[in-house]
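Thanks for making time this morning.

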Amino acid sequence: MEGAQEVLWEGRDMGAGEDVRAVLGDGWWEGMLRESGELERAAEVRCPGAVRRLDALLQAWAVGFAAVRPDVVSPDLAASRRGLRADEAAGFLAALDARVLHVDSAGFVVPQAFRSKASGGRYALFSRNGRGMAVNLEYLIQLAAAAELLVDHGVAGADICFEQGEFDAVVEDGGGLPVLAMEAKARVEGTDGLLQLLHSLLRLGVNPQATARNNHRRKYAALLNMAARGPVVLWLVADGARWAFDAKVGAGTLRLTPRRDNHSLVCREGGG
């Protein structure tokens with residue numbers, strides 16, 4: 001299984017995969033592949049049949065979404081080429097079961113336990129697609145990961161700022177300083193996947209003038225600014241991936257070092 005994943009990821013993102021592996025080493029790469037399999041197995045234990053259960057909920061919410069959106073003619077959901085996977089489904093359902101998230105009958109999600117952005121705190125699981133609609137897949141893992149910070153990592157909900165600046169979530173300490181920046185992607189692989197983002201951040205840390213996508217460059221600049229104020233953890237999340245790095249500034253550029261302990265993401269003086 002792990003060997004097959006490695007071929008898949010490198011086959012789709014050959015340059016990014018080779019470069020990341022060369023910089024971070026075989027140990028990190030192989031550990032990342034093991035973690036992916038562990039997350040999938042844990043999802044099945046945590047929430048058996050999660051994909052089937054969430055798919056049924058999405059189909060029901062789609063009917064409600066079509067009812068409240070006059071521009072959506074049909075409640076039919078377009079088939080996603082990326083599909084729905086166990087880790088993202090189990091994480092989202094766990095957040096619902098823990099009442100960290102609330103979803104109304106039209107598929108609008110309202111976080112219940114962490115700070116929303118000032119412009120609003122409601123997120124649509126669907127968007128119009130032709131006569132019907134499609135699932136906004138990235139919201140599933142993004143919302144689930146923010147809930148994991150609270151439920152699994154013990155971060156206070158009041159410290160989690162959802163969709164702040166360039167990142168999907170930022171954790172602040174009691175004085176308002178950022179101590180963790182989280183970015184979630186639906187998938188590890190692909191042109192908008194997690195591997196490509198990590199590749200850009202590592203490359204820009206070596207040469208800030210290197211070619212990179214505009215949104216990757218903005219995230220690099222934002223993280224550099226955070227790290228200049230104090231140590232920050234970068235947490236990169238996707239279905240099957242939880243990658244944590246210590247982000248520090250050295251010689252005016254950003255340095256990312258893989259964390260040995262991903263179970264204690266936020267460390268503060270005087271406590272965990």
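This is a predicted model: local features need pLDDT of at least 70, side-chain atom pairs count only at pLDDT 80 or more; totals for chains, interfaces and linings use all residues.

Let me begin with the helices. Two packed helices are described by the angle between their axes and the distance between the axes. For helix H5, residues 86-97, and helix H6, residues 137-151, the axes come within 8 Å and cross at roughly 55°, and H5 and H6 are therefore oblique to each other. The crossing of H5 past H6 is left-handed. If you look at the contact itself, H5 contributes Glu88, Gly91, Phe92 and Ala95, while H6 contributes Leu137, Leu140, Ile141, Leu143, Ala144 and Ala147. By class, the residues of this contact divide into eight nonpolar, one polar and one charged.

The second pair is helix H7, residues 194-206, with helix H8, residues 214-229, and here the packing angle is about 60° with the axes 10 Å apart. That angle makes H7 oblique to H8, and H7 passes H8 in a right-handed crossing. On the H7 side the contact is made by Gln196, Leu197, Ser200, Leu201, Leu204 and Gly205, and these meet His216, Arg217, Lys219 and Tyr220 of H8. In this case the residues divide into four nonpolar, four polar and two charged.

Let me turn to the tryptophan. Tryptophan 243 lies in strand S10, which covers residues 241-250. Is tryptophan 243 buried or exposed? With a relative accessibility of 3%, against a cut-off of under 20%, tryptophan 243 counts as buried. Leaving aside residues up to four places away in sequence, tryptophan 243 touches Trp28, Met32, Glu35, Val188, Leu194, Leu195, Leu198, Leu234, Trp235 and Leu236.

How many salt bridges does the structure hold? The count is 16, and I will pick out a few of them.

Arginine 69 pairs with aspartate 71, with 2.7 Å between the closest N and O atoms. Arginine 69, at 27% relative accessibility, counts as partly exposed, and aspartate 71, at 34%, also counts as partly exposed.

The side chains of arginine 218 and glutamate 166 form another salt bridge, at 3.4 Å from N to O. Arginine 218 sits in helix H8 and glutamate 166 in the loop between strands S6 and S7, so this pair ties together parts that are 52 residues apart in sequence. Arginine 218 is partly exposed at 43% relative accessibility, and glutamate 166 is partly exposed at 28%.

Strand S10 then comes back into the story. Arginine 259 forms a salt bridge with aspartate 246, the closest N and O atoms being 2.6 Å apart. Because arginine 259 lies in the segment after strand S11 and aspartate 246 in strand S10, the pair ties together parts that are 13 residues apart in sequence. Here arginine 259 counts as buried, at 18% relative accessibility, whereas aspartate 246 is partly exposed, at 26%.

Finally, there is a set that goes beyond a simple pair, in that Arg21, Asp26 and Glu30 are linked in a network of salt bridges. I will stop there and take questions.

Conventions
Residues are numbered from 1 along each chain as its sequence is written. Side-chain values use heavy atoms; hydrogens and water are left out. Axes are lines fitted to C-alpha atoms, for helices over the stretch in contact, and angles run from 0 to 180 degrees between N-to-C directions. Helices (H or I, at least four residues) and strands (E, at least two) are DSSP runs, numbered from the N terminus. Angles under 35 degrees count as roughly parallel, over 145 as roughly antiparallel, 65 to 115 as roughly perpendicular and the rest as oblique. A crossing is left-handed if the near helix is turned anticlockwise from the far one by less than a right angle, and right-handed if clockwise. Contact means heavy atoms within 4.5 Å. Ala, Val, Leu, Ile, Met, Phe, Trp, Tyr, Cys and Pro count as nonpolar, Asp, Glu, Lys and Arg as charged, and the others, Gly among them, as polar. Buried means under 20% relative accessible area, exposed over 50%, partly exposed in between (1.4 Å probe, protein chains only). A salt bridge is a side-chain nitrogen of Lys or Arg within 4 Å of a carboxyl oxygen of Asp or Glu.
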